[in-house]
Every structure is written in C-alpha cells, then in structure tokens.
Amino acid sequence: MSGITTRRQEMVREWLEEQGLDALLVSAEPNVRWLTGFAGEGLLVLDASGVSICTDSRYAIQARDEAPDAEVLADGGHLEQAIGRLNADGVGRFGFESAYLSYASHRKLCEGLDEAEPVPVEDKIKRLRAVKDEAEIALIEQAATIADRAFVALRPMLPGMCERDAAFELHRLMVKEGAEKPSFDIIVASGPNGAKPHACPCERRISEGDFIVIDWGAVVEGYCSDCTRTVIVGQPDGRQREIWEAVREAQLAAIAGVRPGAVCREVDEIARGLLRERGFDREFGHGLGHGVGLQVHELPVLSQRSEDAALEAGMVVTVEPGVYIEDWGGVRLEELVLVTQEGHRSLTAAPYDL
Ligand code: ZN
Ligand code: ZN
C-alpha cells in the first residue's frame, strides 16, 4: 500500500504548491484512508514534511499498522492535535475540506490557530479519488464478483420469503463469499414497495406476480460494489414486461455511451430521452448513476445536474435507470462499468433475465 499512498500524497503536495498552500487538513475519512491506508477515525495533516494522523488510543495500533509511513498522534482530541501540529510547524495558509468539517469544528480550529490561515477547499481529494488505479479496480471487481455470486445463490430462495429475510440472506451469502460487509443497507422491494427507489425491506412476503427490486453490493478491503436487478416470481404480465424492457433498453444505450470524454449529463440524457419517448418522463426521478470506490456514492455524478463534468479512463460508474409508479411498483437495473481508454468494460456479471 505504501508505494501507492506515497504517490497519492505527492499528487496532493504538487497541487498544494500550485495553490500556494503550505498544508492540507483532511477530515473526510475515505480521503484519509485513500491518502494513508488508515481506515479508522481521525484527521490528517499533510504538508511538505510528511503526514500526521490525528487519532486516539482506540486506533493507535491500527493506524501504525495501516499507515507505517505516517506520524501517528493518539494522545488528545483529534482536532486539538491537528491544531497543535499546524501551530508547531509554523504553517501559513493551509486548506481544509469545507464540505467535511462541521461549523463547530471550524470555529474551534480558528480559535486554536496561532498564525496559520485556513482556506476552504472543495472536494479536491474526492476528485482525485474518482480515477482509480489498477489495484483499486481489482478490488472493486472482486467485490462485484462476490455480490454476483451471492445474488445467484439467493434467487431460487426468493418465493415466499419476506423482504427483510431476503436482505439478511443476501448479506449472509456475500460474507460467506468473502465480503467484509455489504456496501450499504441492502434494498429488497417487492410489489408496490418497488415504487420507492430507496425502500427499506419490510415484513412483506414475496409472492407470485411480484416484481422485486434488489439493490446490493459488497465491500472488499474498503472498496464497494453496487448492483441492482429487478426480477419476478412467476410470469410477467404485459405491462411488467414492457416497462422492464424499456428500462433495459435505456440502460444498454447509456452503457454504450460510456467512454473517456463523454459528458456525464449527456450519458444521463441517453437513458432519460429513451424513457421519455416511451412516456416515462416523471417516472425516472433520480440521476443515471454515480462513481463507486471507497464510498458507494462518489464522483463522478451522472445526472442532469452534472454541469460539464466528463468521464475519464479509470473511473468506475454505475448506470442505473429506473421507472417507479406509485401503487404499482418499480424497475431498476444497475450495471457497474469501468471507463477504459477504448470505451468501457462491465464489472458486473449478475444475470439480467427476469
Ligand atoms: Zn445500487
Ligand atoms: Zn447505485
């Protein structure tokens, strides 16, 4: 890990120099992990002389194990230790992550600093994290494979199960296949519950004729996968088939548009336009997809609000159009796709049959 993290730290140092900043205070945990390998709670101070993890006794051993090249401070409050480090080093202007530092912490920071001047920076590390290296891609792919296998094992058990049991069984199967844990609370939404894109699994029993939206993912060494399938118990009726096929067609067209340089908003529009033509305009309310990595939702965002953001080789994104109809149910299909130099490569192998 340490060769990779050293390279990442160097990237940030170069950027800090361009910005005229002496240091960066990192407070988003996935960013701390990406820069050092440390997966516990704490803050990070990065400057020209090195990196310091500011944590506490609960994480001291873990931090030294996971981030052998970092200085580990574990004697006091996280923020107090970070302030001490910034003051001792005579830092001038330094960046802090304005999206990930609370108002209360910011106040405390300003009160405790001697000479140092905090400058808000937005999402710099998050933007760097959007492009994955080979080791990261391998872990995401491994997580996706585990999730695929667990789903295939779950599928025949679904009839007669209640949603909550199905979610629990899928969780168990993923851990059995080698996952650390699910990458988010698994969604199993049957029948009319499928109309809620982020439904909570309930006591409802899965029965004949139900569409079931299952959205799940695994974590391997901190890296997430994310996948959705919509399946049926029994045979679909005409409307179910029509809507499922419309969503699948929109998804395939959007996946075909994934390549370096493609504008995220335009990839979203490929799927949205096709569903609009079929009369499903308001029924597809959320964005088309999102980046996946140390977090299940990260950059880039594929939606109408993505402004001019474009895809780059090495990004891993989901393509997940859906149609949701109140009192009827929903269909969502989600594929995990790697952007390659040539275009894209799918990381998901879970079958698509109804
Ligand atoms: Zn998902
Ligand atoms: Zn997703």
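This is a predicted model: local features need pLDDT of at least 70, side-chain atom pairs count only at pLDDT 80 or more; totals for chains, interfaces and linings use all residues.
A salt bridge is taken as a side-chain nitrogen of Lys or Arg within 4 Å of a carboxyl oxygen of Asp or Glu. Arginine 85 belongs to helix H4 (residues 78–88) and aspartate 47 to strand E2 (residues 43–47), so the pair ties together parts that are 38 residues apart in sequence. Helices (H or I, at least four residues) and strands (E, at least two) are DSSP runs, numbered from the N terminus. Arginine 85 is buried at 9% relative accessibility, and aspartate 47 is buried at 4%. Here buried means under 20% relative accessible area, exposed over 50%, and partly exposed in between (1.4 Å probe, protein chains only).

Residues are numbered from 1 along each chain as its sequence is written, while chains are lettered from A and ligands numbered from 1 in the order in which they are written. Local features need pLDDT of at least 70, side-chain atom pairs count only at pLDDT 80 or more, totals for chains, interfaces and linings use all residues, and side-chain values use heavy atoms, with hydrogens and water left out.

The structure holds 26 salt bridges. One of these joins aspartate 215 and arginine 332, with the closest N and O atoms 2.9 Å apart. This pair links distant parts of the chain, with aspartate 215 in strand E9 (residues 211–216) and arginine 332 in strand E17 (residues 329–332), 117 residues apart. Aspartate 215 is buried at 4% relative accessibility, and arginine 332 is buried with a relative accessible area of 2%. Salt bridges that share partners also join Asp47, Glu71, Arg85 and Asp89 into one network.

Within helix H8 (residues 163–176), glutamate 169 and arginine 172 are three residues apart, about one turn of the helix. Their side chains meet in a salt bridge at 2.9 Å, N to O. Glutamate 169 is buried at 13% relative accessibility, whereas arginine 172 is partly exposed at 39%.

Donors are N, O and S atoms within 2.8 Å of the metal (3.2 Å for Na, K and Ca); water is not among the atoms, so sites may look incomplete. Aspartate 226 bridges the zinc ion (ligand 1) and the zinc ion (ligand 2), which lie 3.1 Å apart. Aspartate 226 is buried, at 4% relative accessibility.

Strand E2, which contains aspartate 47, is part of an open sheet of six strands with the order E4-E3-E2-E1-E5-E6 and mixed pairing. Two strands pair if DSSP finds at least two bridges between them. Strand E4 (71–73) and strand E6 (117–121) are the edge strands, each pairing on one side only. Strand E1 (residues 23–26) is joined to E2 by four bridges, and the two run antiparallel. Leucine 24 stands opposite leucine 46 in E2.
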